[in-house]
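This briefing goes through a single protein model by topic, for a reader who has the coordinates at hand.

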Amino acid sequence: MQNANLKGSIVILTGAGISQESGLDTFRDTNGIWNSVRIEDVATPDAFRRDPARVQAFYNARRRQLTSGAIQPNPAHLALAHLEREWKGPVTVVTQNVDDLHERAGSGGLIHMHGELLKVRCIRCRDPFAWTDDLTTATACPDCGLVGTLRPHVVWFDELPLQMERIYQELEGCVLFVSIGTSGSVHPAAGFVQAVRQSGHARTVELNLEPSQAASLFHEGRYGPASDVVPAFVAELLG
């Protein structure tokens with residue numbers, strides 16, 4: 001890829017593949033979470049209404065794994081934070097991941113389209129706030145005092161992703177769109193490359209362990225572990 005004359009904003013989409021290399025469980029792989037836990041039981045608004053204790057227990061386990069100390073940003077996260085610091089223009093990371101590894105690596109221009117595991121929100125108060133402890137059905141909202149109203153600040157199935165209007169604004173104006181560690185099968189994120197290609201002015205690159213379902217839509221693909229291919233690509237961009 002020729003980058004000597006590339007100037008302007010960059011949008012980077014990240015998925016489970018970038019965090020998997022830090023030791024986090026993935027959801028859709030052969031040995032992913034959804035092969036042992038039913039989506040309908042833990043990741044829908046109906047599941048929360050039917051059995052909030054089970055839903056809370058599921059996300060408590062995810063939260064404890066993330067805060068255990070064993071999970072740390074890997075070279076791919078660090079490379080993207082370096083790119084944001086050094087690039088002569090805006091760099092926006094749109095992540096499908098609910099972990100905080102991009103933040104810990106130093107990225108600031110983040111959009112968590114599927115929410116954040118280390119935040120909760122009250123179904124009455126609505127505004128999210130930071131939370132690292134377990135949640136139970138007996139936990140009271142610190143703001144309104146109601147019990148049993150706190151839920152993980154994550155986007156469940158049958159719910160709309162967050163900040164979509166802003167995401168499409170960023171896609172419309174970027175000169176480079178990079179997809180990292182995604183399956184290319186989860187919408188609306190799987191359609192971002194098409195939106196960028198229709199604009200006609202941006203380069204599109206896929207960085208993945210292997211070609212995704214949307215690989216043919218990208219101008220270029222580079223394949224291998226994210227901790228290898230992402231730092232190498234960033235180094236080339238910064239040239």
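Val91 is found in strand β2, and the model in which it sits is a predicted one. The relative accessibility of Val91 is 8%, and because residues under 20% are classed as buried, Val91 counts as buried.

**Nonpolar core**

- The largest nonpolar core of the predicted model has 24 residues, and those with the most contacts inside it are Ile12, Leu176 and Val230.
- At least two residues of this core are supplied by each of the strands β1 (10-14), β2 (91-95), β7 (176-180) and β8 (203-208), and likewise by each of the helices α5 (75-86) and α9 (226-238).
- Among the contributing elements, α9 gives the most to this core, with 6 residues.

**Open sheet**

- Three strands form an open sheet in the order β5-β4-β6, and their pairing is antiparallel.
- The edges of this sheet are taken by β5 (128-130) and β6 (150-154), each of which has a single partner strand, so one side of each is left without a neighbour in the sheet.
- On average, and with direction ignored, neighbouring strands of this sheet are turned by 45° against each other.
- Strands of a sheet in general pair through backbone hydrogen bonds, in either a parallel or an antiparallel manner.
- Between β4 and β5 the pairing is antiparallel and runs over 3 bridges, and Val120 stands opposite Phe129 in β5.

**Second largest pocket**

- Empty space of this kind can be located by rolling a probe the size of a water molecule over the atoms.
- The second largest pocket holds about 160 Å³ of space, and the residues that line it are Pro45, Phe48, Arg49, Arg121, Cys122, Ile123, Arg126, Arg151, Trp156 and Glu159.
- Two or more residues of this lining come from each of the elements α3 (45-50) and β4 (115-122), and the largest share, 3 residues, is the one given by α3.

Conventions. Residues numbered from 1 in each chain as written. Predicted model: local features only at pLDDT ≥ 70, side-chain atom pairs only at ≥ 80, totals over all residues. Heavy atoms only, no water. Core = buried A, V, L, I, M, F, W, Y, C linked by side-chain atoms within 4.5 Å. Buried < 20%, exposed > 50% of the residue type's maximum accessible area, 1.4 Å probe, protein only. Helix = DSSP H or I, 4+ residues; strand = E, 2+ residues; numbered from the N terminus. 1 Å grid on protein atoms, 1.4 Å probe; cavity = no way out; pocket = protein on both sides within 12 Å on 5 of 7 lines; lining within 4 Å. Points joined across faces, edges and corners; volume = space filled by probe spheres on them. Pairing = 2+ DSSP bridges. Axes fitted to C-alpha atoms, helices over the stretch in contact; angles between N-to-C directions.
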